[in-house]
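Keep the sequence and the 3D view open as you go.

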Amino acid sequence: MPDQDYYAVLGVARNASDEDIRRAFRRKAMEYHPDRNKNADAEDKFKEINEAYQVLSDTQKRAQYDRFGKAGVGAGSPGAGSPFDGFDVFGGFGDIFDSFFGDASARGGRQPRRGGDLQQKVTLTFEEAVFGADREVEITRLEHCQHCSGAGNEPGTPVDTCSTCRGSGQVRRSQRSVFGQFTQVVGCTTCRGRGSVITAPCTKCRGAGRERRKRKIEVRIPGGVDSGMQVRLSGDGDVGSDGGGSGNLYVSVEVQEHAFFQREGTDIVYTLPLNLAEAALGVDKVIPTIDGFEEEFKVPQGTQPGTPFTLRGKGVPHLNSNRRGDMRILADVRVPASLNGHQRELLEELARSFNGEGPSPKRSPNGRKRSKKRPGKESQSKEPQSEPSAPESPEKGLFDRIKDAL
Ligand SMILES: [Zn+2]
Ligand SMILES: [Zn+2]
């Protein structure tokens with residue numbers, strides 16, 4: 001087995017491209033890595049795959065191998081004699097690939113780097129979240145240095161070619177590992193991949209090319225946002241370096257609670273308190289809406305606690321659309337916690353009526369008695385129906401009296 005052809009080990013043709021070889025290695029190494037493959041020969045196979053890859057991934061070694069075979073690349077086995085039992089020398093499975101492939105930014109020399117994203121929070125009132133608002137946020141962000149225009153050198157001083165990498169921004173580095181020696185191309189550390197060296201750094205930014213500045217940014221927050229959402233202002237974050245684009249500014253929204261509205265997605269929920277007489281008899285109510293107008297709302301008779309009613313289109317605008325959610329009215333029927341003497345009498349009378357006992361003989365159930373007690377402004381159209389003789393009326397008349405009393 002150790003004498004097997006490297007191309008055969010990776011399962012690639014002799015004219016395979018570097019990319020083919022890299023891909024084949026990755027696939028095979030995944031397949032035979034001892035952490036995953038518990039077959040007895042997996043470890044040997046893995047060793048072989050690495051050996052093959054070390055040679056075939058290196059242009060020079062590959063040429064030598066093509067001409068002279070394993071003798072040309074000093075093989076035997078680069079892994080021989082190494083403490084191969086301990087795969088842990090590489091840490092985890094991910095690390096093993098990082099050490100082979102490097103991370104792309106380290107290899108590439110001068111890499112444009114995008115600026116950082118920034119976060120800012122704004123607090124909106126309930127109404128502002130519904131209808132949108134303009135805000136000014138103050139942020140501190142990295143911008144191009146004004147003194148050197150982002151170049152990093154003191155204006156008028158020369159910028160030299162890096163002598164370490166001769167301007168390429170990259171250097172080749174040989175590394176020894178348990179699999180043998182291999183060569184990596186990494187960013188030049190002298191010039192940090194730029195290929196050039198500043199002789200006199202900018203006195204303002206000390207060569208960084210960027211400086212922190214305070215800025216006030218106008219933010220248009222659209223109607224329909226809710227707590228936890230954020231508005232993205234593309235390019236309003238930190239400026240990038242080496243030609244990289246700017247980051248974004250994210251403005252996150254926090255919405256204050258409302259005194260009597262709640263938000264549920266694009267619906268607005270309003271809890272309408274009703275006493276039990278109003279719920280039983282029905283009542284006309286005037287309710288507020290988020291638009292600032294008041295709506296007349298007819299509570300039907302026999303409304304049960306928790307009954308929802310819907311006012312279409314009186315809710316929150318959908319983001320990026322001109323549709324609106326609904327307003328939901330929840331009937332909150334409240335049982336009185338304490339009663340005055342009159343209310344107690346009426347409810348006791350009601351209780352008797354519910355029990356089929358009929359009105360108390362001592363009490364006149366007709367409307368005349370009520371109208372004497374009551375100021376005329378609340379006259380109801382239902383009253384004339386509550387004639388004492390009408391068979392269905394006593395209960396209704398009683399409820400009306402309870403309604404007035406509560
Ligand atoms: Zn350099
Ligand atoms: Zn500067």
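**Getting started**

The protein chain holds 11 helices and 15 strands; helices (H or I, at least four residues) and strands (E, at least two) are DSSP runs, numbered from the N terminus. This is a predicted model, where local features need pLDDT of at least 70 and side-chain atom pairs count only at pLDDT 80 or more, while totals for chains, interfaces and linings use all residues. Residues are numbered from 1 along each chain as its sequence is written, and chains are lettered from A and ligands numbered from 1 in the order in which they are written.

**Exercise 1.** Find the order of the strands in the open sheet of four strands.

*Step 1.* Two strands pair if DSSP finds at least two bridges between them.
*Step 2.* The order is β10-β11-β15-β14, and the pairing is mixed.
*Step 3.* β10 (261-264) and β14 (308-311) each have a single partner strand, so they stand at the edges, with one side left without a neighbour in the sheet.

**Exercise 2.** Describe how β14 is joined to β15.

*Step 1.* The two strands run antiparallel and are joined by four bridges.
*Step 2.* Look at Leu311: its bridge partner in β15 is Met327.

**Exercise 3.** Explore the largest nonpolar core.

*Step 1.* Such a core is a set of buried Ala, Val, Leu, Ile, Met, Phe, Trp, Tyr and Cys residues joined through C-beta atoms within 7 Å. Buried means that 20 or more other C-beta atoms lie within 10 Å of a residue's own, with C-beta atoms placed from the backbone.
*Step 2.* This core has 18 residues.
*Step 3.* α3 (42-56) is among the elements that give two or more residues, and α3 gives the most, with six residues.

Conventions:
Buried ≥ 20, exposed ≤ 12 C-beta atoms within 10 Å, placed from the backbone.
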